[in-house]
Each structure stands twice: as C-alpha cells, then as structure tokens.
Amino acid sequence: MDNLMLDLKKQIIAQLNLQDIKPEDIADNQPLFVEGLGLDSIDALELIVLLQQSYKIKLSNADDGPKVFRSVKTMAEYITAHRAQNV
Amino acid sequence: MSANIYITASCIISKNVVYKNAEKVFENQTSAVPDFLSSLYLHFEIKYPKFYKMDNLSKLGWLAAEILLKDNFNADKYKAEAIGVVLANTNSSLDTDIRYYASVKNIASPALFVYTLPNIVIGEICIRHHLKGENAFFICEQFDGEFIEQYVTNLINNNILQACICGWVELLNDQYKTVLFLVEKEALPGSMLFTNENINKTYQLENG
C-alpha cells in the first residue's frame, strides 16, 4: 500500500504538471481538491484518465468520484479493491 | 474629436529574448521553447502553480502580460470591467490542437483539450489579473497593427474600456513571437501615442 501511494503521488505530479510539488509534499490523507492540493474539475478528469491508463480501472459510477479522489490514500484503497476484484 | 490614447508599456518575447519597453530584460539562447518559457517564469520569480498546467501558447501570452503589467500598472485606477484584452495571431491554437489530436489516439487528455481554443490565453490573463472587460482573439493572416489600433481605439473611444492589453501572441512548434501593448488614456513617462506606426515600430523592434 505504501509503495502504491508513492507511485500515485509521482503519477499525480506528472499527469497534472505539478512541477512545484514533490511526492513527500503530499500527505497520504491530504485532501486533493480545494483546501488541499487545490486541484480543479479538469484535474479530476485527468485523475480518471490516470486510473484508466495506469491501472486499467474505469470509474463505474461518477458519484463515487469525490469519495475515490478525496486523497491519495482513498485512491490507493480503491485501486487495491478493484485489482483484487479483477484477479 | 477623439482623445489621445497611449501605449504606456510594451513587452516583446521572440527568439529567446524578452524586451520590456524596448529594453532587453531577459535572454536565454540555450533552451527549446518549453524550457525557455519555464526559465523565464523562474527568472522573474513568479509564484503561480497553474503556470505549469498551461499549454505553450498560454504560457507565452501569460508571461508577456505578466512582464507588461509588472511594476508600472496600477489596476486600482480602473474597474475590472474597464480593462480588456484583445489579441491576435495566425495559427490560432494549432500547436495544442496537434498535440491533442495525437493524444486522442490513446485516451484523450482533458487538460490538453481545454487549451484547444486560442482565447484561453485571454482567460488565463484575466484570471491572473482579475480582468473582466471586453475581450476578443482574432485570427489574421499576418500581424496587422492597423486592425489592432482601430479595434482597440474604438473600444476606448466608446467608453467600453478604459485600458486594454492588446497585441500578438503567436506560437507553432519552435516558432513564436508575442508583442503586447498596455494601452491607456493617460500618458506615463516614456509613453507613445497608440498609432499604427508606433505599433509596427515596436513589433519590428527585435529585428533591429
């Protein structure tokens, strides 16, 4: 899980061009949107693309978005759960 | 009779050199376009994390506006609705359109898609400086100082705007040039009349 979260932090920085931020600057539980990393709605779409491209996971229900993308930890938990389902 | 209108500041970015009010303020001949734009951003110690998310055309126009307004523009003199932005170029957002088209072959990038319109440059400038006045982005075959002069003069003489950022923001692959003017009703020391002749003279400046 720790490795997955580190990978996710690196991928988020690369995918969203957050060049002023390092992986260690993002806490596992830090909110990604608004008061946390300050991501916006276009970034949310890029995170959906990231899940598809890197983990072959499609967000089946758009209403799950805020819960899944709340933090790096919630993203990692979602990926872990869906990887287990796909096995 | 119309009152005089003045160019109170200008900024040129071309061939890896930056001029503010006809004086060279930055040069970096060693970089490709994206690296040059990043080096310019870092040189002026600007803090705006969204900069890195912009496409190259928006970075170019945004940086030129940043340098244009730096130090000598007092936005408090005007209502946000009284400051406009009028830009033009030849190749629209083609530089990003091509990149977006390439990304569609895999999974289309939403972050790239939002830059597939040239007027997004204006949006980025307006968000940064809280400008809410009239704006337009024109596609022309070539730089047309007379058109810019007439269009902006009309906006100011009809009291639609009190001040305007206007000019040229062009970028395609490794070719780029931007020439921006800050146009106001009141002259500042060093101001020029906002005429076709002065617009073209400034546009040609980097050619010597």
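Which residues are buried in helix α1 (residues 33-43) of chain B?

Modeller: Bearing in mind that this is a predicted model, the buried residues of helix α1 in chain B, which covers residues 33-43, are B:Phe36, B:Leu37 and B:Leu40. Viewed down the axis of α1(B), these buried residues fall within an arc of 95°, so they line one face of the helix. The face turned away from that buried side carries B:Pro34, B:Asp35 and B:Leu42, which are exposed. After α1(B) comes B:Glu45, a residue with a positive phi, near 50°.

When neighbours within four places in sequence are left aside, B:Ile67 is in contact with B:Cys11, B:Val18, B:Lys20 and B:Phe44. Further along the chain, B:Lys77 is 10 residues apart from B:Ile67, and the C-alpha atoms of the two are separated by 19 Å.

For another view of helix packing in chain B, one can turn to helix α6 (residues 145-157) and helix α7 (residues 196-203), whose axes come within 8 Å and cross at roughly 130°. With angles of 65 to 115 degrees counted as roughly perpendicular and those over 145 as roughly antiparallel, α6(B) and α7(B) are therefore oblique to each other. The crossing in which α6(B) passes α7(B) is right-handed. On the side of α6(B), the contact is made by B:Gly145, B:Glu146, B:Ile148 and B:Glu149, while α7(B) supplies B:Asn196, B:Ile199, B:Asn200 and B:Tyr203. Sorted by class, this contact of α6(B) with α7(B) has 3 nonpolar, 3 polar and 2 charged residues.

Finally, there is the contact between the chains, to which chain A gives 11 residues and chain B gives 8 residues. On the side of chain A that touches chain B, the classes are 5 nonpolar, 4 polar and 2 charged residues.

Key: Residues are numbered from 1 along each chain as its sequence is written. Chains are lettered from A and ligands numbered from 1 in the order in which they are written. This is a predicted model: local features need pLDDT of at least 70, side-chain atom pairs count only at pLDDT 80 or more; totals for chains, interfaces and linings use all residues. Two residues are in contact if their C-beta atoms, placed from the backbone, lie within 7 Å. Ala, Val, Leu, Ile, Met, Phe, Trp, Tyr, Cys and Pro count as nonpolar, Asp, Glu, Lys and Arg as charged, and the others, Gly among them, as polar. A residue is buried if 20 or more other C-beta atoms lie within 10 Å of its own, exposed if 12 or fewer, and partly exposed in between; C-beta atoms are placed from the backbone. Helices (H or I, at least four residues) and strands (E, at least two) are DSSP runs, numbered from the N terminus. The arc is that of the directions from the helix axis to the C-beta atoms. Axes are lines fitted to C-alpha atoms, for helices over the stretch in contact, and angles run from 0 to 180 degrees between N-to-C directions. Angles under 35 degrees count as roughly parallel, over 145 as roughly antiparallel, 65 to 115 as roughly perpendicular and the rest as oblique. A crossing is left-handed if the near helix is turned anticlockwise from the far one by less than a right angle, and right-handed if clockwise.
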